[in-house]
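The model is predicted.

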Amino acid sequence: MPARKKATSKQGASAELPALQGRILQGEITLSDHVHEAVDSLRELDREYAMMTAISEELARSQAKALDAEKRKLGKDILRARPLLGLCVSFKDAICVRGVQSAAGSKALKGYTPVFDATVVSRLREAGCIVLGKTAQDEFGFGSFSVNVGKDFRIPRNPLDRERCCGGSSGGAAALAAAALFPHVAIAESTGGSIAAPAAFCGVHGLCPTYGLVSRNGLIDYANSLDKIGPIARSLDDVSRVLDVIAGFDAADATSLQRTMAPEAMPKSIALVKQEGVAEEVASAMWDAVKRMESSGVSYKEVSLPYTAKFALAAYYIIATSEASTNLARYCGLRYGFQPPVEGSAEEHFTVTRGEAFGAEAKRRILLGTYARMAGYRSAYYERALAVRSRIIAEYQGVLKRFGALVSPAMPLFPPRFDELSQLTPLQHYAMDHLLVGPNLAGLPHLSIPLQARLPAGLLLIGNHLQEKTLIRLGRMA
Ligand code: GLN
């Protein structure tokens, strides 16, 4: 594996946020200089790894200018108003940024520039973050490896080995988190594992919060009952400080939680979920991490989740595709993005638009999801999957009554090479999510921590609802 570039800028400055803020406050560097350097470096990385769908240079520069003016006025007090001053952030392409193309990686939305910022975007801007742009993803989030990108989009490459995938669907986000030479946090989204999977494959930290903790307002939906927005970052400190800013009730999201995160606790014991089909090297790296946690005073016990192991994948793909197929109905060539010239009847226009706009995986999911919720089949598939989901939640709750967290690998293998992935069927692709769909169906927070192994892999920590801080604490021991 080629060595990862050192996390320092050209001037040798650290990629840690407090160090950068120190230099800004001392007057050693302005935000404008910092952004200039970051954008240059981002362009270089993007040429090599194709992790961006848009670079918002103009926006970043104007933000930096405004923050420089504020710094001149407030001096060191600026940190009180802008705790994340100077932190560069990127957003998965499915998250709306005002004035910047937000296409969810799909040709259907090419040319769509929102007139508003998603709540996560405005909260981070308010905290002093600089918006660098949008990151590559599987079209609408449909995938685990970021190879199902929309037509005319580039497939991102893993910064640790260009011949390997980044994981998905937030592949560009994790790739940039791994490769950025400046303080940076990627804001990603998970429906069934799209934060933990790419974080594991790119050797960084990814936190998928409790469903409803972070506002989905301004997210281009994949499956509304499953979508969560969360951070991917090189350090747990960055994960934690960004979470503090983006978490919290938002009246603009009807599913936003009124409750707040639980205070950090120290779990005495964790449950190690017995899993089949995990590559030997990944399993042994996981055991090393479990032993490290044990030596910090956390005991462990092996448990099994038989119901989840048997049914979670099937329930997930029925629910996710059902919701996705209704969400995609709005892309018909009339309202947003891609609009070919209107010819023939309305029906013909929709057919031409949708045939041209969607990639093969999006079409497969529309077919699957429409079938599963069709009159006559609804109770056999969709409604049954919802009942299964309730039982899966109960199975997790049973274990979480006795243990502070559940532990397993995030992905069962090292990041596959592109030539390996192209040999697999869609069903084999879906099956790779088997460790991640459970907590996503149950809306439970989960954190992927890099494991020490020959290639990148992740340790998955799953906690009870709103226990994000406890997971971060555990993560520091792993
Ligand atoms: N791999 C899963 C899917 O394809 C999860 C994707 C996601 O979380 N966006 O649906």
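Q: What share of the 478 residues of the protein counts as buried, and what makes a residue count?
A: The share is 55% of the 478 residues. A residue counts as buried if 20 or more other C-beta atoms lie within 10 Å of its own.

Q: What makes up the secondary structure?
A: The protein has 17 helices and 11 strands. An open sheet of 11 strands runs in the order E1-E3-E2-E4-E6-E5-E10-E11-E9-E7-E8, with mixed pairing.

Q: Why are E1 (52-55) and E8 (299-303) called edge strands?
A: Each pairs on one side only.

Q: How do you know that E7 and E8 pair?
A: Pairing needs at least two bridges. Strand E7 (residues 269-273) and E8 have five, in the parallel sense. Within this pair, Ala271 stands opposite Lys301 in E8.

Q: Which strands does helix H2 lie across?
A: Helix H2 (residues 31-49) lies across E1, strand E2 (88-92) and strand E3 (130-135). The helix runs at about 150 degrees to E1.

Q: What makes up the shell around the ligand?
A: Three nonpolar residues, nine polar and one charged. In total 13 residues surround the ligand, and the closest are Gly141, Ser144, Thr191, Gly192 and Ser194. Gly counts as polar here.

How values were computed. Residues are numbered from 1 along each chain as its sequence is written. This is a predicted model: local features need pLDDT of at least 70, side-chain atom pairs count only at pLDDT 80 or more; totals for chains, interfaces and linings use all residues. Helices (H or I, at least four residues) and strands (E, at least two) are DSSP runs, numbered from the N terminus. Two residues are in contact if their C-beta atoms, placed from the backbone, lie within 7 Å. Axes are lines fitted to C-alpha atoms, for helices over the stretch in contact, and angles run from 0 to 180 degrees between N-to-C directions. A residue is near a molecule or strand if its C-beta atom, placed from the backbone, lies within 6 Å of it. A residue is buried if 20 or more other C-beta atoms lie within 10 Å of its own, exposed if 12 or fewer, and partly exposed in between; C-beta atoms are placed from the backbone.
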